[in-house]
Amino acid sequence: MSSIRLLCALFCAIALVHEVSCAEEVLLPRSVKTCKHESSDYSSCLRLAIQESWLSFVKGIPELGLPVLDPMEVDMMENHYSAGDVQGRFVLRNVKTYGLAKANFLAVRPYRSDNIMNLEIDLEIPKVFIDGDCKAEGSVAHYKIGGKGYFNTSMEGVSITWGLEGRIENDRWVIQHFHVYPEVQHMQVYFTDLFGNEDMNKAVLNFVNEYWPVLYKGMLPTVEKHWDYHLTDFVNRLIFSKISASKTFP
Ligand SMILES: *[C@@H]1O[C@H](CO)[C@@H](O)[C@H](O)[C@H]1NC(C)=O
C-alpha cells in the first residue's frame, strides 16, 4: 500500500523539479504533502494532493519535457469511422484543447496487491473547447463526400474517469494501461468547407449536432485505444520512469 504514496510523489514532485540536478530521478521535496497509506483518509489525501499540484502540471514542466496542457496541442490525429452506410476517415491537425486547467478532482480510488497498483481518478471539467483544421473523406451509401476546413467543438459538463493500471517493477510504477472514460453532457460542433458545398456542409453539421451522442459513442472505442497508447507512453516516459518509490518514500 505504501506505493500509493508514489502517486503523491508524481503529482507533487513537479513543484521542486527545478532543484533536481539528475534528470533521471525526481525527488520528493520536503514541502510537499504526502499521504500516509495507513491513514483513514488515504484516498481523500491523494485527491487533494493531485488537485493542489494540478496547475503546476498544466503549466508544463520544460525540465521533464512535459508540455503545456492548457491549451494542449496535438499535431495530428486520425480516425476511421464506419457505421452502416457511413464510411469515413478524418484527419485533424493543429488541434488545440482548452479547459484542462479548470479540472476538479472528485475522487481517487487506489487498488494495490503484491506488485499490482491501479488507480481510478474521477474528474470534472466544466467547459472544454477544441479547435483545429480538419480533413474528411468518406462516403454515405454510394456518394463520396469530403474536403478540408476548420472545426471547433464546445463541450460542457465533461466528467472523466482515468483508469491507470500498472505494476511495480524495479522500484518504478510501470503503467500498462491508461484508460480514459469521458462523458459529455452537451456538445456543439462547427466546421466549415468540409463537405463540398455549403448546403451539404450545413446538412451534415445539423445532422452531427442532432445526433452527436450516437456519433460520439461510435467513435469512442477508437479514440480510447488511441488515448491509451499515447497516454501510457507519455506518463511512463516523462514521469513514472523518473520516480523511485523507495527513495521518495522510504
Ligand atoms: C466556432 O466556429 C464557428 C464557425 O466558424 C464560429 O462562428 C465560432 O465563433 C467559433 N467559436 C469560437 C468560440 O471560436
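Trainee: Happy to begin with confidence: in which element is it highest, and in which is it lowest?
Mentor: Remember that this is a predicted model. Confidence is lowest in helix 1 (residues 4–13), with a mean of 41. At the other end, with 94, it is highest in strand 6 (residues 172–191).

Trainee: Over which residues does pLDDT stay under 50?
Mentor: The chain averages a pLDDT of 82, and 84% of the residues score at least 70. Where pLDDT is low, the predicted coordinates should not be read in detail. The model does have 72 contacts beyond four places in sequence for the stretch where pLDDT stays under 50, which is residues 1–23.

Trainee: On to helix 2: what span should its 17 residues have, and how far apart are its end C-alpha atoms?
Mentor: Helix 2 covers residues 42–58, and at 1.5 Å a residue it should span 24 Å. There is a kink of about 35° in helix 2, centred on Glu52. The expected span still agrees with the distance between the end C-alpha atoms, which is 24 Å.

Trainee: Which residue just after helix 2 takes a positive phi?
Mentor: Within helix 2, the buried residues include Tyr42, Trp54, Phe57 and Val58. Just after the helix, a positive phi of about 90° belongs to Gly60.

Trainee: And which residue of strand 4 is the bridge partner of Arg112?
Mentor: Strand 3 (residues 104–113) and strand 4 (residues 116–140) run antiparallel, joined by 9 bridges. They form a hairpin with 2 residues between them, and Asp114 in the turn has a positive phi of about 50°. In strand 4, the partner of Arg112 is Met117.

Technical notes. Residues are numbered from 1 along each chain as its sequence is written. This is a predicted model: local features need pLDDT of at least 70, side-chain atom pairs count only at pLDDT 80 or more; totals for chains, interfaces and linings use all residues. Side-chain values use heavy atoms; hydrogens and water are left out. Two strands pair if DSSP finds at least two bridges between them. Helices (H or I, at least four residues) and strands (E, at least two) are DSSP runs, numbered from the N terminus. The expected span of a helix is 1.5 Å times one less than its number of residues. The bend at a residue is the angle between axes fitted to the seven residues ending there and the seven starting there. Buried means under 20% relative accessible area, exposed over 50%, partly exposed in between (1.4 Å probe, protein chains only). pLDDT is the predictor's confidence in each residue, from 0 to 100. Contact means heavy atoms within 4.5 Å.
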